[in-house]
Amino acid sequence: MIDLHYWTTPNGHKITIYLEEVGLPYRILPVNISKGDQFKPEFLAIAPNNRIPAIVDHEPSGGGAPISLFESGAILLYLAEKTGKLIPQDERGRAEALQWLFWQMAGLGPMAGQNGHFNHAAPEKIPYAISRYERETARLFAVLDKRLQDRDFVAGGGRGEYSIADIASYPWTKNYVRLNQKIEDFPNLQRWQRAIAARGATERAYALVETINPSKAAAPLTEEERQLLYGQDASTVKRRS
Ligand SMILES: N[C@@H](CCC(=O)N[C@@H](CS)C(=O)NCC(=O)O)C(=O)O
């Protein structure tokens, strides 16, 4: 059994999509990040960066004590290695999958995250910051679009095979409206996105939002929530353990 410490955000969706795809038994432990659950000592013990997602695998393949992990890319890779599923098995395909997984983790995720922050959460509209992150999001969408011009999936031989590389990027392109991107400018990405959206596992993963966080996106952040999420600095880490 896998414990998934989860909230209904793009990085959280990556892991529910994967687990739904491969059918590993898991249990969700909601971490409501706008209420401060990410600072609870029991969560920090497995996720010292106070960010979701995190997992605890109570049945590691090699036996022994449970393995806990934070960082969505590390979690996807761990689960793919555990199950042998949704990662190409040949050397070349596996290298491609890792390359695009790291691309998402180091590029698309952080840039789109800042795009969302400066467009929707920042207390003041800073045109340079908004433009910088919108343009960088668009550039990264174009990179993905180009990669998909002659293939169905990001990594693997032939037309590619569905893998953790696709799963990592999908949630960060699904929210293109929020990121102020015109999806019709990226037709290959749009085709890929539609194919992933139509998968049963993707539908089940996103359906969890209704049960775990039915009020999602209903209300703007309160001042207290804003402080919790965006008022963090070194002292936040030092005073919590
Ligand atoms: N690089 C991390 C990023 C995780 C992350 O930013 N999680 C956000 C939600 S998508 C979070 O937990 N935020 C809580 C906070 O900022 O206190 C990953 O991919 O796991």
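These are my notes from looking through a predicted model.

**Sheet.** I started with the strands. There is an open four-stranded sheet, ordered β2-β1-β3-β4, and its pairing is mixed. β2 (26–30) and β4 (67–70) are the edge strands; each has a single partner, so one side of each has no neighbour in the sheet. From one strand to the next, the twist averages 20 degrees. I then checked β3 (residues 54–57) against β4: they run antiparallel and are joined by four bridges.

**Helices on the sheet.** Helix α1 (residues 10–22) lies across β1 (2–6), β2 and β3, at about 150 degrees to β1. Helix α3 (residues 72–83) lies across β1, β3 and β4, at about 140 degrees to β4.

**Ile55.** Which residue of β4 is the bridge partner of isoleucine 55? I found leucine 69. Beyond four places in sequence, isoleucine 55 also touches residues including Ile2, Leu4, Ile15, Ile67 and Leu79.

**Cores.** The largest nonpolar core has 51 residues, and Tyr18, Ile55, Leu79 and Trp192 touch the most other members. A second, separate core has 10 residues, among them Val31, Phe43, Val56 and Leu229.

Is glutamine 190 buried or exposed? Its relative accessibility is 18%, so I put glutamine 190 down as buried, the cut-off being under 20%. Glutamine 190 sits in helix α7 (residues 187–197) and, leaving out neighbours within four places, contacts Ile183 and Glu184. Alanine 198 is in the loop between α7 and α8 (200–212), and I logged alanine 198 as exposed because its relative accessible area is 55%.

Methods: Residues are numbered from 1 along each chain as its sequence is written. This is a predicted model: local features need pLDDT of at least 70, side-chain atom pairs count only at pLDDT 80 or more; totals for chains, interfaces and linings use all residues. Side-chain values use heavy atoms; hydrogens and water are left out. Helices (H or I, at least four residues) and strands (E, at least two) are DSSP runs, numbered from the N terminus. Buried means under 20% relative accessible area, exposed over 50%, partly exposed in between (1.4 Å probe, protein chains only). Contact means heavy atoms within 4.5 Å. A nonpolar core is a set of buried Ala, Val, Leu, Ile, Met, Phe, Trp, Tyr and Cys residues joined through side-chain atoms within 4.5 Å. Two strands pair if DSSP finds at least two bridges between them. Axes are lines fitted to C-alpha atoms, for helices over the stretch in contact, and angles run from 0 to 180 degrees between N-to-C directions.
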